[in-house]
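Hi,

Here is the structure I promised to pass on. Have a look at it first, and then read my notes below.

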Amino acid sequence: SAIEFDLDAPFTVEYHDSLPSTNARARELAAEGETDVAVIANEQTGGRGRLDRAWRSPPGGIWLSVLCRPDLPPAHAPVLTLAAAVAVTKTAREHGVEAGIKWPNDVLVGDEETKLAGILTEMEGEADRVSWVVVGIGINVDPTGLPEDATGLCAHVDDIDRRAFVQGLLERFDALRADPEGALAAWREHALTLGRRVRVTTGNETIVGTARDVEFPGTLVVETDDGSVRVHAGDCDHLRPA
Ligand code: BTX
């Protein structure tokens, strides 16, 4: 049952009642040569987070993947994760939910460690240019049945028009992807992580210090006792308050 979108952004919308994963469907479309498609599902039966972690995706959520082919080298693609986080945060605020961004890929509500949304960016490409990027965005609507540290839009506002939400989100993402420096500046403005004491775990080390900045294309700068350490988004397993 398709729903109609009247977008001010160049995305074709493909709607499904249920899919294993909208990212997996978007990768299929990438293999078929498509671009600028937004795949949306009411429910995912095999939603994925980073490092192959499971992402709970019950019916009624906003499970969305955007396929695009930006003129970026693969090393710069993390800026699209920042752009998506900004788009989610601004749209949530517009709908009355006080969201903020936790590096690298989460949107939380308030100061608490309560996850409203997560982003999973996947790509394929050569050394100098990506072939395609899939930006997967999962936004909880009804918080029941989710992990304890999760929240949903409906926990904060009575009524959410998912279609209007997705429409605003896609229009913002479209504008931000064309302006990586602007996306980075907006990211800093909406960040919850900066200025905080953090403990960042990567595959082989733990870094404890104060999160000072995020640099293009999405690298966290942590001030430790021994000086500044830079952590690439892709290397981060966990970031926790310290
Ligand atoms: P992540 O690896 O940062 O977070 C995954 C972790 O979050 C899980 O291990 C679990 O602890 C917790 N978690 C699982 N489900 C939820 C939930 N619904 N709300 C809050 N916390 C949860 C985050 O990965 C990136 C998630 C991207 C999801 C989108 S949905 C559309 C697209 N399709 C797809 O398969 N993935 C993306």
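**What I found**

Strands E4 and E5 pair in the antiparallel sense, over four bridges. Within that pairing, alanine 99 stands opposite valine 109 of E5. Before you go further, please keep in mind that this is a predicted model.

The two strands belong to an open sheet of seven, with mixed pairing and the order E1-E2-E3-E7-E6-E5-E4. At the edges you'll find E1 (12-19) and E4, each of which pairs on one side only. Neighbouring strands in this sheet are turned by 20° against each other on average, if direction is ignored. As a bit of background, strands of a sheet pair through backbone hydrogen bonds, either parallel or antiparallel.

Now follow the chain on from E4 (99-102): the loop between this strand and E5 (106-109) holds proline 104. The peptide bond leading from tryptophan 103 to proline 104 is cis, with omega near 0°. There's also a cis bond between phenylalanine 216 and proline 217, where omega is about 0°. Proline 217 sits in a loop too, the one between E9 (206-215) and E10 (219-224). In general, most peptide bonds are trans.

Which residues touch the most other members of the largest nonpolar core? They are Trp103, Ile139 and Leu153, in a core of 61 residues. Helix H2 (residues 78-94) gives the most to this core, namely ten residues. The core also draws at least three residues from each of domain 1 (12-189) and domain 2 (197-241). Leaving aside neighbours within four places in sequence, the contacts of tryptophan 103 include Trp187, Thr193, Val200, Val214, His232, Cys236 and Leu239.

One last stop is the loop between E2 (37-44) and E3 (62-68), where you'll find leucine 51. Its phi is near 55°, a positive value in a residue other than glycine. Aspartate 52 is in the loop between E2 and E3 as well, and has a positive phi near 60°. Are these two buried or exposed? Leucine 51 counts as exposed because its relative accessible area is 51%, and the cut-off for exposed is over 50%. Aspartate 52 is exposed too, with a relative accessible area of 61%.

Cheers

Key: Residues numbered from 1 in each chain as written. Predicted model: local features only at pLDDT ≥ 70, side-chain atom pairs only at ≥ 80, totals over all residues. Heavy atoms only, no water. Buried < 20%, exposed > 50% of the residue type's maximum accessible area, 1.4 Å probe, protein only. Pairing = 2+ DSSP bridges. Axes fitted to C-alpha atoms, helices over the stretch in contact; angles between N-to-C directions. Core = buried A, V, L, I, M, F, W, Y, C linked by side-chain atoms within 4.5 Å. Domains from an automatic or database assignment. Contact = heavy atoms within 4.5 Å.
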